[in-house]
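Here is a friendly walk through one fold, to be read with the viewer open. Please take a look at the sequence and the structure before reading on.

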Amino acid sequence: MENMENTQNTENTVNEKDSQTPKWYVLQTLSGYEKMVQSNLFTMVENNNLQDYIVDIVVPEEEEIVEKNGKKKVVMRRKYPCYVFIKMVYTKHVWYMVTQTRGVTCFCGPQGRPVPITDEEVKRNKLEVITEADIEFKVGDKVEVLAGALKDFVGEVKEINFDTQKVKIIVSMLGRETPVDIEFINIKKINA
């Protein structure tokens, strides 16, 4: 009986610590309000001293080349219209403050309750910058390409660029050594 109580206390401690770890969630917003929601949320965090609970707010964007009047121009396009990603510690108070922010319609999840996204989804959406401690490969390692036109190709790491979050690898294509830039998330180290 005493062991059972110790086990329950340990589980409660683990759950409390886990609940204090910020996780990424997805907010649904009104159409075209993504940047305004991001700005409103940052203001709400400042005004209510919630910096310990809401860590980051991101509207994922990607570059797109558009041609207008014969001229090419690079513009930033929202990757997910009507959605904002928020890294936060979930509490009822924080949930209430976020959902009452102008432009926010609800959290993505069953019945509007937040469900954290997976680590894989965080990496795929580039919500966090990958640091040297996060990568498992180094210059000279053999890696496999996981996605894109060169999927399943194997190459050797020649250069790692943390500013662009890309790695330059040398792959053998048509009997030639070819340098290719690949994003960190699209390669994995081959254990040989």
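This is a predicted model: local features need pLDDT of at least 70, side-chain atom pairs count only at pLDDT 80 or more; totals for chains, interfaces and linings use all residues.

A residue counts as exposed when its relative accessible area is over 50%.

Asn49 sits in the loop that links H2 and S2. Its relative accessibility is 60%, so Asn49 is classed as exposed. Although Asn49 is not a glycine, its phi is positive, at about 50 degrees. Leu174 belongs to the loop between strand S9 (166–173) and strand S10 (176–183). With a relative accessible area of 89%, Leu174 is exposed, and this non-glycine residue also has a positive phi, near 55 degrees.

| Residue | Phi | Relative accessible area |
|---|---|---|
| Asn49 | about 50 degrees | 60% |
| Leu174 | near 55 degrees | 89% |

Now to the sheet. Four strands form an open sheet in the order S2-S5-S1-S6, and their pairing is antiparallel. Strand S2 (54–58) and strand S6 (104–107) are the edge strands; each has a single partner strand, so one side of each lacks a neighbour in the sheet. From one strand to the next, the twist averages 30 degrees.

How many bridges join strand S1 to S6? There are three, and S1 (residues 23–29) runs antiparallel to S6. Gln28 has Cys106 in S6 as its bridge partner.

Two helices complete the picture. Helix H2 (residues 34–47) packs on the sheet and touches S1, S2, strand S5 (83–88) and S6; the direction of H2 makes about 165 degrees with that of S2. Helix H3 (residues 92–99) also packs on the sheet, in contact with S1, S2, S5 and S6, and its direction makes about 145 degrees with that of S6.

Conventions. Residues are numbered from 1 along each chain as its sequence is written. Side-chain values use heavy atoms; hydrogens and water are left out. Two strands pair if DSSP finds at least two bridges between them. Axes are lines fitted to C-alpha atoms, for helices over the stretch in contact, and angles run from 0 to 180 degrees between N-to-C directions. Contact means heavy atoms within 4.5 Å. Buried means under 20% relative accessible area, exposed over 50%, partly exposed in between (1.4 Å probe, protein chains only).
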